[in-house]
Amino acid sequence: MIKLLVLDIDGTISGESNAVSPYVKEAIAAVQARGIPVAIATGRMYRSALRFHQDINSTLPLAAYQGAWIQDPSDQKIHQHLPVDRKTAEQLLDYFEQPQWRSLLSIHFYINDQLYVREVTQETATYAQRSGITPIAVGDLRQTLTNAPTKILALCDDTEVINNLLGSLRLQYTPAELYLTTSVATFFEATNPFVNKGNAVRYLAEELLGIQSHEVMCIGDNFNDLEMLEYAGIGIAMGNAPTGVQAIAQWVAPTVEEDGAAVAIEKFLLS
């Protein structure tokens with residue numbers, strides 16, 4: 001029996017509209033009416049994800065930045081914050097600023113739930129608009145590293161550039177040193193090695209609710225959702241998910257634009 005439902009945001013409960021559809025909201029409310037709590041696990045900043053948490057009336061802490069930052073909006077308690085080591089962040093910045101990458105990438109440092117950038121590029125402006133966040137342009141990002149970043153993001157509209165970046169950095173850093181992933185095809189993300197959505201969901205389930213993995217259902221749409229889909233008793237991939245994500249899911253829902261999350265919820269939790 002499922003006792004926790006965990007949802008990703010972008011590409012899962014929110015599509016082009018950048019909002020949760022009425023149909024998905026109704027399905028979530030019906031689950032909550034049955035006494036099953038619903039949580040969010042997202043790559044988004046905490047501040048950017050908060051409106052979705054409120055929109056679905058979640059009563060659990062919000063897992064942001066792939067779970068690097070878990071905070072309860074009801075009392076502001078930060079349950080977990082696992083940043084990237086400052087020295088490693090500096091190494092990544094050195095790497096991004098090599099001639100073959102520098103002109104191609106927009107670099108984002110997330111520190112204390114603020115977004116710091118070298119400059120506001122077109123990619124950053126588009127990201128900021130969707131996220132509802134005002135980026136802080138600082139020129140040299142090294143001056144932000146008095147604090148360790150929660151997450152580091154490199155954006156490029158050319159997906160081949162992101163794939164090459166991911167491949168080359170996976171040769172340089174082991175999973176014990178950095179967690180590297182893509183949340184959408186144009187976003188390369190780096191976090192603390194102990195951070196992924198699977199560990200975040202495990203914390204919510206086992207530490208906070210005292211339940212086991214087989215009592216959890218997760219829905220996601222991208223490679224940063226793999227670990228939570230593998231952890232869950234029922235792991236659902238969206239129809240818009242890459243084939244590599246769909247391959248590890250127990251079931252593939254319709255796409256986000258077809259309200260696939262609501263269809264999955266009805267099939268597994270409400271029927």
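Two strands pair if DSSP finds at least two bridges between them, and the helices (H or I, at least four residues) and strands (E, at least two) are DSSP runs numbered from the N terminus. The model is predicted, so to speak of local features requires pLDDT of at least 70 and side-chain atom pairs count only at pLDDT 80 or more, while totals for chains, interfaces and linings use all residues. Residues are numbered from 1 along each chain as its sequence is written, and side-chain values use heavy atoms, with hydrogens and water left out.

**Exercise 1. State how the chain is divided into domains, and describe how the domains meet.**

Step 1. Domain 1 takes in 4–81 + 195–270, and domain 2 takes in 86–191; these bounds come from an automatic or database domain assignment.

Step 2. Between the C-alpha centres of domain 1 and domain 2 there are 24 Å.

Step 3. Contact (heavy atoms within 4.5 Å) links 23 residues of domain 1 with 18 residues of domain 2.

**Exercise 2. Work out the strand order of the six-stranded sheet, and find its edges.**

Step 1. The sheet is open, its strands follow the order 8-7-6-9-11-10, and the pairing is mixed.

Step 2. Strand 8 (136–137) and strand 10 (179–182) are the edge strands, each of them pairing on one side only.

Step 3. Strand 10 is joined to strand 11 (residues 187–191) by four bridges in the antiparallel sense, and T181 has E189 of strand 11 as its bridge partner.

Step 4. Helix 5 (residues 122–131) lies across strand 6 (106–111), strand 7 (114–117), strand 9 (151–155) and strand 11, and runs at about 45 degrees to strand 6; here axes are lines fitted to C-alpha atoms, for helices over the stretch in contact, and angles run from 0 to 180 degrees between N-to-C directions.

**Exercise 3. Describe the three-stranded sheet and the helix that lies across strand 3 and strand 4.**

Step 1. This open sheet has the order 3-4-5, and its pairing is antiparallel.

Step 2. Strand 3 (62–64) and strand 5 (78–81) each have a single partner strand, so one side of each is left without a neighbour in the sheet.

Step 3. From one strand to the next the twist averages 10 degrees.

Step 4. Strand 3 and strand 4 (residues 69–71) run antiparallel and are joined by three bridges, with I70 of strand 4 as the bridge partner of A63.

Step 5. Helix 2 (residues 46–55) lies across strand 3 and strand 4, at about 145 degrees to strand 3.

**Exercise 4. Classify the packing of helix 1 with helix 10, and name residues that meet there.**

Step 1. The axes of helix 1 (residues 22–33) and helix 10 (residues 260–270) are 8 Å apart, and the helices pack at an angle of about 25 degrees.

Step 2. Helix 1 is therefore roughly parallel to helix 10, on a scale where angles under 35 degrees count as roughly parallel, over 145 as roughly antiparallel, 65 to 115 as roughly perpendicular and the rest as oblique.

Step 3. Among the residues that meet are Y23, V24 and A27 in helix 1, and A261, E266 and L270 in helix 10.

**Exercise 5. Classify the crossing of helix 3 and helix 6 by angle.**

Step 1. Helix 3 (residues 86–96) and helix 6 (residues 159–172) have axes that come within 13 Å and cross at roughly 135 degrees.

Step 2. That angle makes helix 3 oblique to helix 6.

Step 3. L92, Y95 and F96 of helix 3 make the contact with L165, S168, L169 and Q172 of helix 6.
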